[in-house]
Amino acid sequence: MQTTRLWKIEDNTQENQIAIQEAAELIRQQEVIAFPTETVYGLGANATNHQAVAKIFEAKGRPSDNPLIVHVANREQMKPYVAAVPPLADKLIHAFMPGPLTVILPSNGTIANNVTAGLSTVAFRIPDHPVAKQLLESCQLPLAAPSANRSGKPSPTKASHVYDDLYGKIAGILDGGTTGVGLESTVVDCTGEIPIVLRPGGITKEQLEQVVGNVMLDPALAEQHDKPKAPGMKYTHYEPEAPLWLIRGTADFFQSTVDRIEREGKKVAVMCSEQLAASLQADQIKVIGSQHDLTQIAVHLYDALRSFKKTDVDIILCESFPQTGVGEAIMNRLTKAASVVVDEEK
């Protein structure tokens, strides 16, 4: 078991600067460090070093044919690693970076092959979190950084989530508190004439269209691919400890589903909005926000999925949400996490 250091970052004190410098030095030594971003916690290693990146896959138990996002401190740090920055990508970078957006650009082959999974493209993002920014500026390296969780499990929005999954498997964890957005970045392929959203996230399709006009949603978002074009497009994701059922229907239908499962002698937990919770009865009800503000749902989603880990629950039932705005990303994650979809109309 590897020694995992834990640094608590609470403000801009000298001790915090020392902690970030220590983490950066470990990265320069080709170690793996977990750090907070505004979306979820990332698991970072030198993106130009094959051996360092291999430690990410080992720690996560992640298949090596799944590409990783490269995090950089600013736009200038992208230039040495790409063949070109298409005009549409340039507009998106200026509009949304730093922030929860990832752009796929043509690679010049400098980034390690196990980051790109052998593709001719590379995914870049500039995180908008003070700890992530300071770490990137301190180590002066591009960091390959998928979410800092065991592969297939809900992404971490707190350092404690990373600790639970990866203690003893990585060199350190920078604890910068709870992340803000709660869902991973939006991934946009900018190598063609029309930008294509390969993974919905913190930046919505509507926001993208305000900057570059026509934007497509990849019709294959929910499917599996032999060779995924972007992170989050292959294998199971976000699975809680108990089976998750996604319920599509009225409150009465939701309650009838709860009752049916409880009659079978099983304990039911519910993840839902405060509006639905007001009309439900179940063994456990976890309120994750309001139907009127889907950003609340996004922020609390992964923490809620993890909250049932050590409880005596047989099945988790989750409300479905409108697929508008950030709801597109929420439903993308819930659909991937669900083992069963129960639809009132079927």
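The protein chain has an average pLDDT of 92, and 94% of the residues reach at least 70. Residues 224-229 fall below 50, although this stretch makes 21 contacts in the model beyond near neighbours in sequence. Where pLDDT is low, the predicted coordinates should not be read in detail.

The secondary structure of the protein chain consists of 11 helices and 16 strands. The radius of gyration is 20 Å, close to the 20 Å given by the globule rule for 346 residues, so the chain is as compact as a globular protein of that length. The C-alpha trace spans about 60 × 45 × 35 Å along its principal axes. Buried residues make up 55% of the 346 residues of the chain. Among contacts in the protein chain with a separation of 6 or more, 68% join residues 24 or more positions apart.

The largest nonpolar core contains 45 residues. Within this core, the residues with the most contacts are Leu-43, Leu-101, Val-115, Phe-124, Ile-170 and Leu-208. Two or more core residues come from each of strand 3 (41-46), strand 5 (101-106) and strand 6 (121-125), as well as from helix 2 (50-60), helix 3 (87-96), helix 6 (159-166) and helix 7 (205-212). The contribution of helix 2, at 5 residues, is the most from any element. Another core, of 28 residues, lies apart from the largest one and includes Leu-183, Val-313, Ala-337 and Ala-338.

The surroundings of Phe-124, one of the core residues with the most contacts, were examined individually. With neighbours within four places in sequence left aside, Phe-124 is in contact with Ile-69, Val-70, Val-72, Met-78, Tyr-81 and Val-82, and also with Met-97, Leu-101, Thr-102, Val-103 and Leu-105. Leu-101, one of these partners, is likewise listed among the core residues with the most contacts.

Ala-23 counts as buried because its relative accessibility is 0%. Ile-33 is 10 residues from Ala-23 along the chain, and the C-alpha atoms of the two are separated by 6.7 Å.

A search of the whole structure for aromatic pairs returned 2. In the pair formed by Tyr-163 and Tyr-167, the ring centres are 4.7 Å apart and the planes meet at 35 degrees, so the pair is classed as tilted. Both residues fall in the partly exposed class: Tyr-163 because its relative accessibility is 39%, and Tyr-167 because its value is 36%.

The structure holds 0 disulfides. For Cys-318, the closest cysteine sulfur is that of Cys-272, at 8.1 Å, which is too far for a bond. Cys-318 has a relative accessibility of 0% and therefore counts as buried. Cys-190 also counts as buried, because its relative accessibility is 2%.

Note on methods
Residues are numbered from 1 along each chain as its sequence is written. This is a predicted model: local features need pLDDT of at least 70, side-chain atom pairs count only at pLDDT 80 or more; totals for chains, interfaces and linings use all residues. Side-chain values use heavy atoms; hydrogens and water are left out. pLDDT is the predictor's confidence in each residue, from 0 to 100. Contact means heavy atoms within 4.5 Å. A nonpolar core is a set of buried Ala, Val, Leu, Ile, Met, Phe, Trp, Tyr and Cys residues joined through side-chain atoms within 4.5 Å. Buried means under 20% relative accessible area, exposed over 50%, partly exposed in between (1.4 Å probe, protein chains only). Helices (H or I, at least four residues) and strands (E, at least two) are DSSP runs, numbered from the N terminus. Rings of Phe, Tyr and Trp (its six-membered ring) pair if their centres lie within 6.5 Å; planes under 30 degrees apart count as stacked, over 60 as edge-to-face and the rest as tilted. A disulfide is a pair of cysteine sulfur atoms within 2.5 Å. The radius of gyration is taken over C-alpha atoms; the globule rule is 2.2 Å times the number of residues to the power 0.38.
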